[in-house]
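Subject: Structure handover

Hello,

Here is the structure we talked about. Please look it over, then read my notes below.

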Amino acid sequence: MSKRKITLIPGDGIGPEVSLATQRCIEATGVAVEWETVHAGSDIMEKRGTPLPEDVLDSVRKNRVAIKGPITTPVGSGFRSVNVALRKELDLYACLRPCKLYPGIRSPFSAVGGPAPGGEKIDLIIVRENTEDLYAGIEFEAGSAEARALVQKIIELNPKAKMNPDPAISIKPISQAATERIARFAFETALKNRRKKVTAVHKANIMKCTDGLFLRTAKEVAKAYEGRVAFEDRIVDNMCMQLVQRPNDYDVLVLPNLYGDILSDLCAGLIGGLGVAPGANIGDGIALFEATHGSAPKYKGLNKANPTAMILSGMLMLRYLGEEKAADKLENAVAEVLKEGRFVTYDLKQDRNDPSAVGTSQMADAIIKAMR
Ligand code: NAD
């Protein structure tokens, strides 16, 4: 059997530890994989002068499938986010974040991960647009000549526009083409996963141009799926409240970039925290899988971080590759370990200081054992 070549980007912070745990679990499913390991992030920045060397992009373009550990982004200054750059360079326009509450996990709804209000388990899919919105990286420093020129131009075009002196400016582009693409992706995801409803999330009552276009376009796309997948929309602030109160009322959510980022973390909170929330960034015929969480620098090298989010991202990757049996085997093993609640990291224990919590690699050992 020929081996499937996959790019592995271990990342920085806790990235290398959770990546190794994931590699071991994927290999234990029996799927034949040849890893092509390439490095990006802050450590590489020091060695090679760029946090995203060209060979990383080349490897993903060639292999078409990659899995990545988290990468640190300096706040406010320093290099731009490698994560955002990868999504843009490879046109990974859809961010897929399934949020499923596994039995045994502590959630805000129950001390032991019992049913959410409504009686059923939480099982949502978030589809986030990845290429535009306020994440487009078009920003102007307060007081810069460019920001001042832009303010002047805006006032020239719209004399009613009011701004305080010398604002910093971030631009929010939302296009019909990108919205159509992401809305279609959300409906196709719903069909593929036998889901009943897509909810578009927006703030079109305030941002009539950008979010208004997002909503109108999503409604238009929904027409092609009438009778197969239901459609509705929610204003983002109301959506946050609804998700906390009645998560079972929702199925697949489609959102512009910024709201998608924020609601992904909110939903991660509903299902037990960032340690268990997987994700994928998908383009046409190309995909990069990664956990929702970041590089958690304070746990770097301590064998403490929860590997579940990245292992479940690996499970999503196996499904993407059509390896359904291996994916089921891995997901069932993760579910078994979570349900038993013995060989889990500190964040999954009832008491975070529970001395019986195990480390990253021991949790991976338990998952591998559960697959045998
Ligand atoms: P974070 O996700 O790293 O951490 C938030 C909190 O969750 C921390 O308390 C952390 O210790 C905890 N946590 C996260 N993952 C965990 C795990 N697997 N097990 C146990 N606890 C875990 O978010 P942050 O602190 O906002 O960001 C740290 C860095 O990561 C920043 O530089 C940020 O830009 C970057 N980041 C990268 C990605 C990515 O690579 N896709 C995503 C988000 C943030």
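Helices (H or I, at least four residues) and strands (E, at least two) are DSSP runs, numbered from the N terminus. The model is predicted: local features need pLDDT of at least 70, side-chain atom pairs count only at pLDDT 80 or more, and totals for chains, interfaces and linings use all residues. Residues are numbered from 1 along each chain as its sequence is written, and side-chain values use heavy atoms, with hydrogens and water left out.

**Second largest pocket**

A pocket is an open set of points on a 1 Å grid over the protein atoms alone, where a 1.4 Å probe fits, with protein on both sides within 12 Å along at least five of seven lines; lining residues have an atom within 4 Å of a point. The second largest pocket holds about 870 Å³ of space, the volume being that filled by probe spheres set on the points, which are joined across faces, edges and corners. It has 25 lining residues; Leu 96, Ile 125, Asn 193, Leu 316 and Arg 319 are closest to its centre. α10 gives the largest share of the lining, five residues. Other elements supplying at least two include β4 (94-100) and α6 (176-192).

**Ligand**

Ile 71, Thr 73, Gly 294, Ala 296 and Asn 306 come nearest. Polar contacts are pairs of N or O atoms within 3.5 Å. A backbone N or O atom of Ile 71 sits 2.8 Å from a ligand oxygen. For Asn 83, a polar side-chain atom is 2.9 Å from a ligand oxygen. Ser 295 places a polar backbone atom 3.0 Å from one.

**Salt bridges**

The count is 29 salt bridges (a side-chain nitrogen of Lys or Arg within 4 Å of a carboxyl oxygen of Asp or Glu). In one of them, Lys 5 pairs with Glu 36, with the closest N and O atoms 3.3 Å apart. This pair links distant parts of the chain: Lys 5 is in β1 and Glu 36 in β2, 31 residues apart.

Best wishes

How values were computed:
Near = heavy atom within 4 Å. Polar contact = N/O pair within 3.5 Å; in protein donor to acceptor, adjacent residues only side chain to side chain.
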